[in-house]
2 protein chains.
Amino acid sequence: MNIGNASERSGLPAKTIRYYEDIGLLKPDRADNGYRDYSVSDVHKLRFLQRSRGLGFSVEECRQLLALYEDKHRASADVKSMAQSKLQEIDRKITELRELQHTLNHLVAHCHGDQRPDCPILENISGSS
Amino acid sequence: MNIGNASERSGLPAKTIRYYEDIGLLKPDRADNGYRDYSVSDVHKLRFLQRSRGLGFSVEECRQLLALYEDKHRASADVKSMAQSKLQEIDRKITELRELQHTLNHLVAHCHGDQRPDCPILENISGSS
DNA sequence: CCTTGACCTTCCAGTTACTGGAAAGATTAT
DNA sequence: ATAATCTTTCCAGTAACTGGAAGGTCAAGG
């Protein structure tokens, strides 16, 4: 499929998809006319990149995450320890999102327009960890 | 407190803290010697920025999130609808992190070194939403 | 008091990860 | 055939830092 289609399905702008190719994250086939030709598997990877980037992983981290299932030659122990460290990061991110959620819920519930200067949100905003 | 101390407590590099001041996210006091002087409340905000940036919110989104509890003059309805839309985003991010978690767990559990070329991870990697 | 080292300051340049726009070729719609 | 809508490459600009130079400040030791 063409890049426009891949863009729609992955949620990434065509510009960004080309950029990811430039930096070697993804190498789609080329049609006879020179157009990039994306497979369903390519779109899966793009969607994966769109998500993990949006969740605060750097491009290099995303490259590692992609490598986790692409690199068939990597030793199993490496793959496992890499995945495990990413899983820890993910746990941490989920926890932080829950705390942020809690903070915003508190704001909505308790600071509805009649906020005093000592609104307690500010004291809780940095989380408890 | 000085910027080094604020950096340690917030998890943000001093460089980044100065940058956030440049773009108007935070205006610490200045001591007589010209050094920036951070309050506990400033550190809370910095920690908050460190977290929300790491969770994939843009600087402009972080500015809005900060405004949610800083801007006492904003109408309550605005604050609420802003918070609510951020809460939706947070829900989505948590869901995506859970899916990513699931994918990596699957990798660790089922692809330990004897991966066939048709490893099922690839098919699930883009999530189910 | 003086110096040494660890702070801090500003400023300017470089990097990462896009993002916009120009110029031109390919495809599709009328 | 021609216009609209793709697509290509290339080059420049932006966002969000990040590193380094040049210099001021401060607390400790001689």
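**Close-up views of a predicted protein–DNA model**

**View 1. The surface near DNA strand D in the predicted model.** By class, the surface near DNA strand D has six nonpolar, six polar and five charged residues, where Ala, Val, Leu, Ile, Met, Phe, Trp, Tyr, Cys and Pro count as nonpolar, Asp, Glu, Lys and Arg as charged, and the others, Gly among them, as polar. Helices (H or I, at least four residues) and strands (E, at least two) are DSSP runs, numbered from the N terminus. This is a predicted model, in which local features need pLDDT of at least 70 and side-chain atom pairs count only at pLDDT 80 or more, whereas totals for chains, interfaces and linings use all residues. Residues are numbered from 1 along each chain as its sequence is written, while chains are lettered from A and ligands numbered from 1 in the order in which they are written.

**View 2. The surface near DNA strand C.** DNA strand C is surrounded by 18 residues, of which the closest are Asn33(A), Val59(A), Asn2(B), Gly4(B) and Arg36(B). These residues divide into six nonpolar, seven polar and five charged. H2 and helix H4 (59-70) of chain A, together with helix H1 (3-10) and H2 of chain B, each supply at least two residues of the surface.

**View 3. Helix H1 of chain A.** Ala6(A), Ser7(A) and Ser10(A) are buried in H1(A), a residue being buried if 20 or more other C-beta atoms lie within 10 Å of its own, exposed if 12 or fewer, and partly exposed in between, with C-beta atoms placed from the backbone. Because they cover an arc of only 105 degrees around the axis, they lie on the same side of H1(A); the arc is that of the directions from the helix axis to the C-beta atoms. The buried residues of H1(A) pack against H2 and helix H3 (40-54) of chain A, whereas Gly4(A), Asn5(A) and Glu8(A), on the other side of H1(A), are exposed. After H1(A) comes Gly11(A), with a positive phi near 85 degrees.

**View 4. Helix H1 of chain B.** In H1(B), the buried residues are Ala6(B), Ser7(B) and Ser10(B). They fall within an arc of 105 degrees when seen down the axis of H1(B), and so line one face of the helix. They pack against H2 and helix H3 (40-54) of chain B, while the face turned away from the buried side carries the exposed residues Gly4(B), Asn5(B) and Glu8(B). Gly11(B), which follows H1(B), has a positive phi near 85 degrees.

**View 5. The surroundings of Ile94(B).** Ile94(B) is placed in helix H5 (residues 76-110) of chain B and counts as partly exposed because it has 18 C-beta neighbours inside 10 Å. Leaving aside neighbours within four places in sequence, Ile94(B) is in contact with Ile94(A) and Leu97(A), contact meaning that the C-beta atoms of two residues, placed from the backbone, lie within 7 Å. Ile94(B) and Leu55(B), 39 residues apart in sequence, are 10.0 Å apart in space, C-alpha to C-alpha.

Key:
A residue is near a molecule or strand if its C-beta atom, placed from the backbone, lies within 6 Å of it.
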